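Keep the viewer open as you read.

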Amino acid sequence: MRTQFPPSSAHGSPSPTDRRLSALVRHLGVGDHSASSMESQDPNPAISPSATAAFSGDSVFANIVQAPEDPILGVTVAYNKDPSPVKLNLGVGAYRTEEGKPLVLNVVRRAEQLIINDQSRVKEYLPITGMADFNKLSAKLIFGTDSPAIQENRIATVQCLSGTGSLRVGAEFLVKHYHNRTIYIPQPTWGNHPKVFTMAGLSVKSYRYYDPATRGLNFQGLLEDLGSAPSGAIVLLHACAHNPTGVDPTTEQWEHIRQLVRSKGLLPFFDSAYQGFASGSLDTDAQSVRMFVADGGECLAAQSYAKNMGLYGERVGALSIVCRTADVATRVESQLKLVIRPMYSNPPIHGASIVATIFKDRDMYTEWTIELKAMADRIISMRQQLFDALRARGTPGDWSHIVKQIGMFTFTGLNTEQVASMTKEYHIYMTSDGRISMAGLSSRTVPHLADAIHAAVTRVA
Amino acid sequence: MKSGVVWRCLRRRSMSTSVIDWWDNVGIAPKDPILSITEAYFADSSPRKINLGVGAYRDDEGKPVVLQCVRDAQAKIAGCEFLESLSRQGSMKLVDESVKLAYGESSDVVKEGRFAGVQALSGTGACRLFAEFQRRFRPEAQIYLPAPTWSNHRNIWRDAQVPQRTFRYYNLESKILHFEALMDDVKNAPNYSFFLLHPCAHNPTGVDPTEEQWREISYQFKVKNHFPFFDMAYQGFASGDLDRDAQAIRIFLNDGHLIGCAQSFAKNMGLYGQRVGCLSILCKDAKQAISVKSQLQQIARAMYSNPPVYGALLVSTILDDPDLRNLWVKELKVMADRIIKIRAVLRKNLLELGSPLNWDHITNQVGMFCYSGLTPEQVDQLTNKFHIYMTRDGRISMAGVTTENVAYLANAIHKVTKSGKES
């Protein structure tokens, strides 16, 4: 009993559907199976179409709708589509040179060359916790070489996939082992923060942070909100160069925050994505974290080398958990492995090799600090130039926040309508919250941006 | 002891900043059964020690290998000016080349873009992304894992919070596929169940269905409307032929299944530490593929934002360059052939030693691993007396066996088994 498929193939080559049908029919042909295997089969050749068969029925995932575009990465997508010669991408926070080009640090190129030329190096698996040298040196970088917590072996450090990966692993660890599942994040914060924490199973609340009136820190609000958080709650703190606002607490304010956090028994989780990039000094940019470690208490810290080493795509980072004792740190590390193994088994080797190579060589390390300072200085110079340009145009409003804010981003204070008009009239691409990436500016393009801001402020409500 | 407690309390109260024992409840985690073997091996100072634990390829000198095609690709990339844009392209290219490898160069699915493909963190990462995706969009579903399977599969679906069951796969006595039991379990599972399948070189048993058996499994999957998810970690490594090793997938594709597939380049390109892989999910049409892909990217974004570029660049450079690709295919065959050959040598040695047991499975099994049939007690003896390291389920990574150590290994196995007791 054979069904004739396809019904008529006289015209041209069979369609994909026909081909699939033919394949199925061939497979079902009575003579194709050996006697023994036929016994266990359904003798009825009329099968209902499988939900996973392409030719009829639907995918098991048919109900899936398209996910919304990531708001930050979506800006670059829109920018790429724009044919205007004066377009400016001030969206994603990747460093650009004065010529508007991405930058591979010289010291990184050197390190890569060394790695490639080293024939003895083999690309085997790293341990689950990553490269040991890299971990040790990362901890030293953020906590300070003479940190007592390091000397007392109280820190569990694991290599992770940049800042995001470090945050996710830390969050998953907390969900598994910590008694409180609530994390307080600043308002506003990096768009991906709530998603990372929610996907890990934490419940996300926010604390006041940015004051739109002053374009500075809402210190009172921050203290009130953290003060009323339940004891034991987790608190996300941006170590420096707050993203997206660029507004950081002063040293005095940090001390105040520290006291509050400790007295309320809150657990600090630092996100350090810009060490060295903010002020140009690695130590200065780690002050906040070191303050918390100095009091003997515990905390988590996520580090990223995406910006300060320009290693964006290589996904290099580290998660450190500062514990009370070395014994606790050992146990914590063992549990971190159980989080990592079912996620991706072990971290990627390339980026961490580069970082470790640089850190272990005195000259290369020095070279890095110089190149890092050059990047930070360029950003600081852009801030000054933009501020001066707006003042020169007599643009209404107080623009001092441009030079007061720190790091790669400026929270301009422009509203969504103003941002939209800047995109439309001036081909300026930025996130709709008014955040601009200073790294995307150059001396050449500052005037164009100043014109755009001026127009937006004077013409659009 | 009491005074110690009092002292601790006092100390806490006297500090203006309260220091709390957050992690007292954190116990020491059990070591990973596979990776801890290598740790133990490194700690052993015996000159005769052999590491047959983790499945990383070794040449006949017992050395890890960087393929020449990889070195060439590295040199090619190092000379490149426009690394950032290359990197962006590298990931897309990786996905395009990966799906062609898995589904065939002339596959309709690929030509018509009826797949959602994303770069993943090797095989583990691809499986985890799929598990998370499955949980989100088919929350009622569970996953059927073969008994046995790679131990980390259980961890992956557990952490993604997808309930798991097993289906019978390996026949312990006969050391072959338990085909009838497998088919029974496939039939008895509720319709629309999700199954994890190893398309070639099953880990840990090395036992694969025949082509005919795959066809029957595929047929039964149609009857039951099951979802087939393939974890392909050894394409090219099993038989030495890339297309042949993907045959199971091609059979399912031909039958019209909309499968999911995890691919790893850890072993077949020797890129272990780079964490390069691909997850693809076949869809009804290109439009649906866009939706599914966008959701996968969202899941990845909350885990690590983007995957690492370097490994993807290496793979796409190799696959895109005809000369490098040919070189790779040759080198892959050399690796696979060495494994096939050393299996024969090991078996021959055991027979020559006069072992009373049947060691056919050593040469019948496929891929990097030999499921030896040794009991945990016998494995312990091998480790303690002979400094031979393997996982306690008796899984031997044949990649760790060399011309130099095969006699020693055969002798040790013979010694611990010659009383005739085997599982």
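Helix 14 of chain A and helix 15 of chain A are roughly perpendicular to each other, because angles of 65 to 115 degrees count as such, while those under 35 are roughly parallel, those over 145 roughly antiparallel and the rest oblique. Their axes come within 5 Å and cross at roughly 105°. Axes here are lines fitted to C-alpha atoms, for helices over the stretch in contact, and angles run from 0 to 180 degrees between N-to-C directions. Helices (H or I, at least four residues) and strands (E, at least two) are DSSP runs, numbered from the N terminus. On the helix 14 side of chain A, the contact (heavy atoms within 4.5 Å) uses A:Thr357, A:Ile358, A:Phe359 and A:Lys360, and helix 15 of chain A brings A:Arg362, A:Met364, A:Tyr365 and A:Trp368. By class, that contact has five nonpolar residues, one polar and two charged. For these classes, Ala, Val, Leu, Ile, Met, Phe, Trp, Tyr, Cys and Pro count as nonpolar, Asp, Glu, Lys and Arg as charged, and the others, Gly among them, as polar.

A word on the ground rules: this is a predicted model, in which local features need pLDDT of at least 70 and side-chain atom pairs count only at pLDDT 80 or more, while totals for chains, interfaces and linings use all residues. Residues are numbered from 1 along each chain as its sequence is written, chains are lettered from A and ligands numbered from 1 in the order in which they are written, and side-chain values use heavy atoms, with hydrogens and water left out.

Helix 14 of chain A (residues 349–360) also meets helix 5 of chain A (residues 132–143), with axes that come within 9 Å and cross at roughly 60°. This pair is therefore oblique. The crossing is left-handed, meaning that the near helix is turned anticlockwise from the far one by less than a right angle; clockwise would be right-handed. From helix 5 of chain A come A:Asp133, A:Phe134, A:Leu137, A:Ser138 and A:Leu141, which meet A:Ala352, A:Val355, A:Ala356, A:Phe359 and A:Lys360 of helix 14 of chain A. Seven residues of this contact are nonpolar, one is polar and two are charged.

Now turn to chain B. Helix 14 of chain B (residues 322–352) and helix 17 of chain B (residues 406–417) have axes that come within 9 Å and cross at roughly 50°, so these two are oblique as well. Their crossing is right-handed. B:Val345, B:Leu346, B:Asn349 and B:Leu350 of helix 14 of chain B touch residues of helix 17 of chain B, including B:Leu409, B:Ile413 and B:His414. The contact has eight nonpolar residues, two polar and no charged ones.

Next, the backbone. Most residues other than glycine have a negative phi, and most peptide bonds are trans. The bond from B:Ala147 to B:Pro148 is cis, with omega near 0°, and B:Pro148 sits in the loop between strand 3 and helix 7 of chain B. The bond from B:Asn203 to B:Pro204 is also cis, with omega near 15°; B:Pro204 lies in the loop between strand 7 and helix 9 of chain B. In chain A, A:His427 has a positive phi of about 60° although it is not a glycine.

On a 1 Å grid over the protein atoms alone, a cavity is a set of points where a 1.4 Å probe fits but cannot get out, and a pocket is an open set with protein on both sides within 12 Å along at least five of seven lines; lining residues have an atom within 4 Å of a point. Grid points are joined across faces, edges and corners, and a volume is the space filled by probe spheres set on the points. The largest cavity has a volume of about 350 Å³. Among its 26 lining residues, those closest to the centre are A:Tyr125, B:Trp150, B:Asn203, B:Tyr234 and B:Lys267. The second largest pocket holds about 1300 Å³.
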